[in-house]
Amino acid sequence: MSAPKKQEDKAADKDKEHEKKELYVAPSERLEMGMLRQHEIEEFTMDEDKIMATCHPVSWSNCDATTFSVRRGPKYVSGQKSASKKALYTMFAMDAYQLPHKMHRIWDFINIERYIDAFATPRYHRTHFPLPPLLIINVMVPDYPPELMGGRSDGEGYQMVFYARLSDETRRELVAQSQSQSQ
């Protein structure tokens with residue numbers, strides 16, 4: 001067996017070890033979500049001086065999605081951008097962790113049941129509501145230099161977890177669409 005293949009096998013074995021270590025966590029022992037404070041801004045701006053004057057340290061805010069320029073298709077031409085439409089989701093919580101290794105399926109360790117009930121879409125069914133009522137985005141940022149060709153694939157790092165629900169406007173549109181389809 002060649003040396004690079006042995007390294008790949010060792011890296012895969014290490015990943016499997018972490019998966020085995022991840023145990024079931026009882027709901028009463030799970031972390032509460034939303035450790036970072038939400039600070040809604042009154043007027044959204046891209047002016048850095050205004051942002052710095054009104055920001056709150058270690059907090060986050062929703063922003064107006066229409067202020068961003070995005071690529072438009074279906075036949076996208078380089079440099080062709082236009083204002084984004086309104087956001088489909090609204091963030092309602094955010095967490096950040098410094099961890100000794102990557103935590104796949106981090107939601108297994110966080111108490112999200114009450115939010116599932118609170119933001120459930122009435123009569124949710126994939127054919128009528130093509131978007132899930134809750135969206136959890138887990139961003140993993142390594143704190144070690146990445147290695148190519150089967151090197152180290154896990155280690156200390158940071159994880160940011162974003163929790164979002166369907167926006168009120170999106171929910172209304174989906175309900176109206178499902179009612180018109182059922183008639």
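Tutor: Let us begin with a definition: strands are DSSP runs of E with at least two residues, numbered from the N terminus. The model is a predicted one, and Tyr 163 is found in its strand β9.

Student: Is Tyr 163 buried or exposed?
Tutor: The cut-off for buried is under 20% relative accessible area. Tyr 163 has a relative accessible area of 2%, and therefore Tyr 163 is buried.

Student: What distance separates the C-alpha atoms of Tyr 163 and Thr 90?
Tutor: Along the chain, Tyr 163 and Thr 90 are 73 residues apart.

Student: Which element gives the largest share of the lining of the second largest cavity?
Tutor: The second largest cavity holds about 30 Å³ of space, and its lining consists of Met 33, Phe 92, Ile 112, Tyr 115, Leu 134, Leu 135, Ile 136, Tyr 163 and Ala 164. The elements that give two or more residues to this lining are β8 and β9. The largest share, three residues, comes from β8.

Student: Which elements give two or more residues to the lining of the largest cavity?
Tutor: The largest cavity contains about 60 Å³ of space, and the residues that line it include Met 140, Val 141, Tyr 158 and Gln 159. The elements that contribute two or more residues to this lining are β8 (134–142) and β9 (157–166).

Student: How many residues of the lining of the largest cavity are charged?
Tutor: Lys is among the residue types that count as charged, whereas Gly is counted as polar. The lining of the largest cavity divides into six nonpolar residues, four polar and one charged.

Student: Which element gives the most to the nonpolar patch?
Tutor: On the surface, a nonpolar patch is formed by Leu 135, Ile 137, Val 139, Val 141 and Tyr 158, which together have about 350 Å² of accessible area. Val 139, one of these patch residues, is found in strand β8 and is partly exposed, with a relative accessible area of 30%. With four residues, the element that gives the most to the patch is β8.

Student: Which element gives the most to the lining of the largest pocket?
Tutor: The largest pocket has a volume of about 450 Å³, and of the 18 residues that line it, Ile 41, Ile 51, Thr 54, Cys 55 and Ser 61 lie nearest its centre. Two or more residues of this lining come from each of α2 (48–54) and β3 (59–60). By class, the lining has seven nonpolar, seven polar and four charged residues. The element that gives the most, with three residues, is α2.

Student: And which element gives the most to the lining of the second largest pocket?
Tutor: The second largest pocket has a volume of about 360 Å³, and among the 15 residues that line it, Asn 62, Cys 63, Ala 65, Ala 87 and Tyr 89 are the closest to its centre. The elements that give two or more residues are β6 (89–99) and α4 (168–182). The lining of this second largest pocket divides into six nonpolar, five polar and four charged residues. With three residues, the element that gives the most is β6.

Key:
Residues are numbered from 1 along each chain as its sequence is written. This is a predicted model: local features need pLDDT of at least 70, side-chain atom pairs count only at pLDDT 80 or more; totals for chains, interfaces and linings use all residues. Side-chain values use heavy atoms; hydrogens and water are left out. On a 1 Å grid over the protein atoms alone, a cavity is a set of points where a 1.4 Å probe fits but cannot get out, and a pocket is an open set with protein on both sides within 12 Å along at least five of seven lines; lining residues have an atom within 4 Å of a point. Grid points are joined across faces, edges and corners, and a volume is the space filled by probe spheres set on the points. Patches are made of residues with over 30% relative accessible area and no salt bridge: like charges are joined within 9 Å, nonpolar side chains (Val, Leu, Ile, Met, Phe, Trp, Tyr) within 5 Å. Accessible areas come from the Shrake-Rupley method with a 1.4 Å probe; for residues, only the protein chains shown count as cover. A salt bridge is a side-chain nitrogen of Lys or Arg within 4 Å of a carboxyl oxygen of Asp or Glu. Buried means under 20% relative accessible area, exposed over 50%, partly exposed in between (1.4 Å probe, protein chains only).
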